[in-house]
Amino acid sequence: MPRSMWRGSLSFGLVNVPVALFSATRDQDIHFNQVDSETGERLRVQRICKQEDKPVEYDELVSGYPKSDGDGYVLLTDDELANAAPEKTRTIDISEFVPLDEVDPIFFDHPYWLVPVGEGDGPLRAYKLLVEAMKDQERAAIGKFVLRTKEYLVAIRVREGLLSLVTMRFADEVRPVDDLPLPEKADKPKKKELDEAVRLIEQLSVDWDPGRYEDRHNERLEKLIDQKRKGKTIKAPSEPEVPEAVPDLMAALQASLEEAKASA
Amino acid sequence: MTVPIKVFGALEDRQIRFRELHGKDGSEVAHVLVGSDGAQVPRERVAKGFEVAPDEYVLMTNDEIKAADAPARKAIELEDFVPADQIDPIYYDKPYHLAPQKGAEEGYALLVAALEKAGRVGIGRVVLRAREQLVSVRPVDGALRMQVMRFSGELVPAKVMDVEEPKKPPAEREIKMAATLVDSLCTEWDPDEHEDEYRERVMEVVKQKEAGEEIEIAEPEKAEASDDLMAALEASLKATKSGSGSKKKKGKK
């Protein structure tokens, strides 16, 4: 069982469910350590006080915000920061329920599992009650809470029989497309091209099956590490080719359709 | 079919950033790398190492790491198209906006229109920062949006959480009441209705502290688990009815 990121209470009306929060993702990537190339020894990060030129331990740290006159910092402890909204650091308060399909996935950030904690049958029953009340509806509960000095908007729904929580971005954290150099009206596609493009997309359509896509990164990297270990040289990759715009959309579409049909 | 595009980050960092300081003297703190003897090692001597056996590291340069996912073309290679509504949102990770390069406007507009008309999302691969990613490409507001997709192996299945069933499951009547409470709190999704109020309050605390005021630390109240579910549900329903769900929209100019 992994470690919980947070413990507190999920509050829905006057029903409180004591819960713990666990990440619903696992990082399986190969990670490198920082190593001294001369001694082959693994290095660690050390914090040094610039004034004393001496090591500083983690629990000696505070947060600093630049003073309004730009001269030095205002010092704040974690307790003082948490005090900006003490109730929110302990409770996820559900304020409303919304249809899940109305929420643009651009707002979703990190997924977690919410798991009941506490003594006896009470927390398990309250948790189960929420699961049962929400499971048949394609709805997400919306709430807010504070995790490590940042406030999160969250959506909670039922997945695989448990409460699945996802942290969400606030509207002002998502950039609108207004500033992008997008095509003008004049670039509107011709009907014949559009029909061909839709045909091509349909030709290449499949049902969504996440198991269909294999993560090949680790395997490839492991192979190279193994080669390097055996003393082989690894060539730096050549610059990838930069594809250019097709001069004739219709011809390119037709060629793509032929190819898709041939490989189907 | 290729459409030359440019990639833009779709996120804006609004988090208040604090500087890590030494509490004792308010001094800035530097991060250095040290060996087991505590001696500092200069940056140019630091390499990336992969531990193949205890204390045995294979050193890799950035170019060697890049060779793992070296693409033939600098492109988002779309492999499949899938119905947009089939994708569970848990798979969506970091978003980007895509815009056409000069001369590619027509191809870009065609792809937007065709994906919209077909109701499909393109699924493909692209190498971002020396790592091959699975991505989706969908049309939104006349533009193409790319979102990194999580691989299925990255998700922790529910059974790992090992949640027990309650000995006494909630009664049918309790579930019905809870569902009624859910119904009474239903509304439409409007991202603009939710603001990060905490940011403002943190800035207030910063101002208070700068003015030399003492910050009182409130002991947070511990919420108790509801023992009597039925009573809690009844009271909640009563509260929402008397409030008649009018908490929405107010405060909006």
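Start with two helices, where α2 (residues 122-134) of chain A and α3 (residues 172-184) of chain B have axes that come within 8 Å and cross at roughly 65 degrees. Axes here are lines fitted to C-alpha atoms, for helices over the stretch in contact, and angles run from 0 to 180 degrees between N-to-C directions. This is a predicted model: local features need pLDDT of at least 70, side-chain atom pairs count only at pLDDT 80 or more, and totals for chains, interfaces and linings use all residues. Residues are numbered from 1 along each chain as its sequence is written, while chains are lettered from A and ligands numbered from 1 in the order in which they are written.

Helices (H or I, at least four residues) and strands (E, at least two) are DSSP runs, numbered from the N terminus. The crossing of α2(A) and α3(B) is right-handed; that is, the near helix is turned clockwise from the far one, by less than a right angle. Which residues of α2(A) meet α3(B)? They are Leu129(A), Leu130(A), Glu132(A), Ala133(A) and Met134(A). Their counterparts in α3(B) are Glu174(B), Ile175(B), Ala178(B), Ala179(B) and Val182(B). Contact means C-beta atoms, placed from the backbone, within 7 Å. By class, this contact has 8 nonpolar, no polar and 2 charged residues. Ala, Val, Leu, Ile, Met, Phe, Trp, Tyr, Cys and Pro count as nonpolar, Asp, Glu, Lys and Arg as charged, and the others, Gly among them, as polar.

Now take the whole contact between the chains. It takes 151 residues from chain B and 152 residues from chain A. On the side of chain B, helix α2 (residues 105-118) gives the most, with 11 residues. That side has 84 nonpolar, 23 polar and 44 charged residues.

Strand β3 (residues 33-36) of chain A and strand β4 (residues 46-53) of chain B are antiparallel, over 4 bridges. Two strands pair if DSSP finds at least two bridges between them. Val35(A) stands opposite Ala47(B).

Next, look inside chain B. An open sheet of 6 strands runs in the order β1-β7-β10-β9-β8-β6, with antiparallel pairing. Its edge strands, β1 (5-9) and β6 (77-83), each pair on one side only. The twist averages 35 degrees from one strand to the next. Within chain B, 7 bridges join β8 (residues 120-128) to β9 (residues 131-140). Leu128(B) has Arg131(B) as its bridge partner.

Methods. Two residues are in contact if their C-beta atoms, placed from the backbone, lie within 7 Å.
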